Amino acid sequence: MGSFMETIYEKAKKSPQKVVLPEGNDERTVEAAVKAAAMGIANITMIGDPAKMNEIAKKKNLSLDGIELIDLKNLPNLDAYANDFYELRKAKGMTPEEAKKVMSRDVYYGAMMVRKGLADTFVAGAVNTTSDVSRAAIYLIGMKKGIKTLSSFFVMILPDKTYGKDGVLFYSDGGFVIDPDAEQLSDIAVTTGATYRELMQEEPNVAMLSFSTKGSAKHARIDKVTAALALAKQKDPTMNIDGEMQGDAALVPAVGAKKAPGSPVAGRANVLIFPDLDSGNIAYKLTERLAKAEAYGPIYQGTARPCSDLSRGCKASDIMNVMAINVVRLQNMK
Ligand SMILES: CC(C)(COP(=O)(O)OP(=O)(O)OC[C@H]1O[C@@H](n2cnc3c(N)ncnc32)[C@H](O)[C@@H]1OP(=O)(O)O)[C@@H](O)C(=O)NCCC(=O)NCCS
C-alpha cells in the first residue's frame with residue numbers, strides 16, 4: 001500500500017465516522033467491517049441476516065463485537081421509511097406497495113439511514129448492481145447544492161512522482177456517466193475539483209481533456225468540452241480549471257507552455273477530466289497497467305454526502321479503502 005492510503009488511514013482514525021454496510025451477508029463485507037472497526041477508522045452498522053453474519057465471522061475467526069447488526073427481515077421503522085420514500089417518489093409514479101418493497105432492500109434501507117442521519121455514509125455494490133446502488137444514492141442521499149450529476153472519480157497513484165501532486169492524480173469520470181453532455185461534464189469537472197480539495201486539502205488544477213488543445217482542431221466533440229469549461233467556470237469561479245487540452249499539454253510543463261501558453265493549468269494538472277466514459281475508463285486502466293499505478297475507485301461524488309459503489313469483483317481491502325477515503329471526505333466536509 002502506497003503512502004497515499006497510509007495517510008488516509010491515519011487521518012480516518014483521528015475521527016472515525018458512522019458507516020453502514022448494507023451487504024452484511026457478503027463475506028468480504030464482514031471481513032472489511034471487522035478490520036475497519038478494529039483499526040478504528042469507522043463505527044460500523046451492517047445490514048443482513050444476523051445468523052449468517054455471525055456464521056461468516058465465526059468461519060473466518062473474526063469477532064463482530066462493537067459492530068451493530070440490523071436484521072434485514074426485521075428492519076426498524078420500515079413502515080415510516082417506506083412512507084417517506086413514497087412521498088419522495090410519488091410524483092414519479094411510485095406506489096406505497098412498491099415503496100415498501102424497495103425500502104425492504106438492504107442498499108435502499110442503508111441509504112435511508114444516511115438520509116436520516118443514523119449513518120454518515122454507506123458503501124455497497126459488492127452484491128448489488130450499479131443501477132441499484134446509484135438509484136439509492138440519487139433518490140435518498142440526493143445531490144450537492146448546485147450539482148445535478150452523480151459521477152465517480154479515481155485516485156491514481158503513480159510510481160513516477162513527476163506528474164500531478166507527487167504522482168497523485170484524480171481522474172473522472174472513468175466509472176459512471178457514459179456519455180455526458182456539456183452540462184453534465186461541467187458538473188463532473190467542478191465536482192472532481194471539489195473532491196480533490198476535500199481529500200488533498202489544497203487547490204486543484206483541473207484539466208478538461210480533449211484531442212485538441214486550445215482550438216488546434218475543430219469538431220463538435222471539442223465544442224462540448226469548451227462549452228463544459230465555460231459552464232464549470234460559472235459554477236465555481238474560484239476553481240483553477242482550463243481546457244480544452246491534450247493529455248501531454250495537461251501534464252508536461254514544456255508541452256503545456258508551447259501548446260497552451262499562459263494557461264494556469266497546462267503542465268501542472270492534478271485533476272484530469274475525460275470527455276466521456278470510454279476515454280476515462282480506458283485511461284485509468286492503461287495508467288494502472290502501463291504506468292504501474294495504483295487505482296482507488298471508482299468512488300461516487302456529487303452526492304450531498306459521500307457514498308460509494310463497489311465492483312462486484314472487489315476484495316475486502318477495496319471495501320476498506322473506499323470506507324477510509326469516504327471517512328476522510330466526511331471529516332473535511334464537517
Ligand atoms: C442511474 C441509473 C440507474 C438510472 O437509470 P434509469 O432509472 O433507467 O434512468 P433514468 O434516466 O430514468 O433516471 C432515473 C433517475 O435518475 C436520475 N439520474 C440518472 N443518471 C443520473 C446521474 N448521473 N446523476 C444524477 N441523477 C441521475 C434521473 O434524473 C432520474 O431522476 P428522476 O427519476 O427523479 O427523474 C442509470 O442511469 C445507470 O444505470 N447509470 C449507470 C451507468 C453505468 O452503467 N455506467 C457504467 C458503470 S461501469
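These legends accompany close-up views of a predicted model.

**View 1. An open, parallel sheet of five strands.** Welcome to the sheet, where the strands follow the order E3-E2-E1-E4-E11 and the pairing is parallel. At its edges are strand E3, residues 68-71, and strand E11, residues 308-309, each of which pairs on one side only.

**View 2. Strands E1 and E4, with helix H6 lying across.** Here we look at E1, residues 17-21, and E4, residues 121-124, which run parallel and are joined by two bridges. Helix H6, residues 106-115, lies across E1, E4 and strand E2 (42-48). The helix runs at about 165 degrees to E4.

View 3. The shell brings together Lys-92, Thr-130, Ser-131, Ser-134, Arg-135 and Ile-138, along with Thr-149, Leu-150, Gly-175, Phe-176, Val-177 and Ile-178. Sorted by class, five of these residues are nonpolar, five are polar and two are charged. Where does the ligand lie relative to domain 1 and domain 2? Domain 1 covers 3-142 + 303-333 and domain 2 covers 151-295; both give residues to the shell, so the ligand lies between them.

**View 4. A cis peptide bond between Ser-172 and Asp-173.** Follow the backbone from Ser-172 to Asp-173 and you will meet a cis peptide bond, with omega near -10 degrees. Asp-173 belongs to the loop between strand E6, residues 168-172, and helix H8, residues 182-200.

**View 5. A cis peptide bond between Gly-297 and Pro-298.** In this close-up, the bond joining Gly-297 and Pro-298 is cis, and its omega is about 0 degrees. Pro-298 sits in a strand, namely E10, which spans residues 294-301.

**View 6. Asn-61, a non-glycine residue with positive phi.** Asn-61 is not a glycine, yet its phi is positive, at about 60 degrees. You can find Asn-61 in the loop between helix H3 (50-59) and E3. Is Asn-61 buried or exposed? Asn-61 counts as exposed because it has 7 C-beta neighbours inside 10 Å, and the cut-off for exposed is 12 or fewer.

**View 7. Gln-201, a non-glycine residue with positive phi.** Gln-201 has a positive phi of about 55 degrees, although this residue is not a glycine. Its place is the loop between H8 and strand E7, residues 205-209. With 10 other C-beta atoms within 10 Å, Gln-201 is exposed.

Note on methods: Residues are numbered from 1 along each chain as its sequence is written. This is a predicted model: local features need pLDDT of at least 70, side-chain atom pairs count only at pLDDT 80 or more; totals for chains, interfaces and linings use all residues. Two strands pair if DSSP finds at least two bridges between them. Helices (H or I, at least four residues) and strands (E, at least two) are DSSP runs, numbered from the N terminus. Two residues are in contact if their C-beta atoms, placed from the backbone, lie within 7 Å. Axes are lines fitted to C-alpha atoms, for helices over the stretch in contact, and angles run from 0 to 180 degrees between N-to-C directions. A residue is near a molecule or strand if its C-beta atom, placed from the backbone, lies within 6 Å of it. Ala, Val, Leu, Ile, Met, Phe, Trp, Tyr, Cys and Pro count as nonpolar, Asp, Glu, Lys and Arg as charged, and the others, Gly among them, as polar. Domain bounds come from an automatic or database domain assignment. A residue is buried if 20 or more other C-beta atoms lie within 10 Å of its own, exposed if 12 or fewer, and partly exposed in between; C-beta atoms are placed from the backbone.
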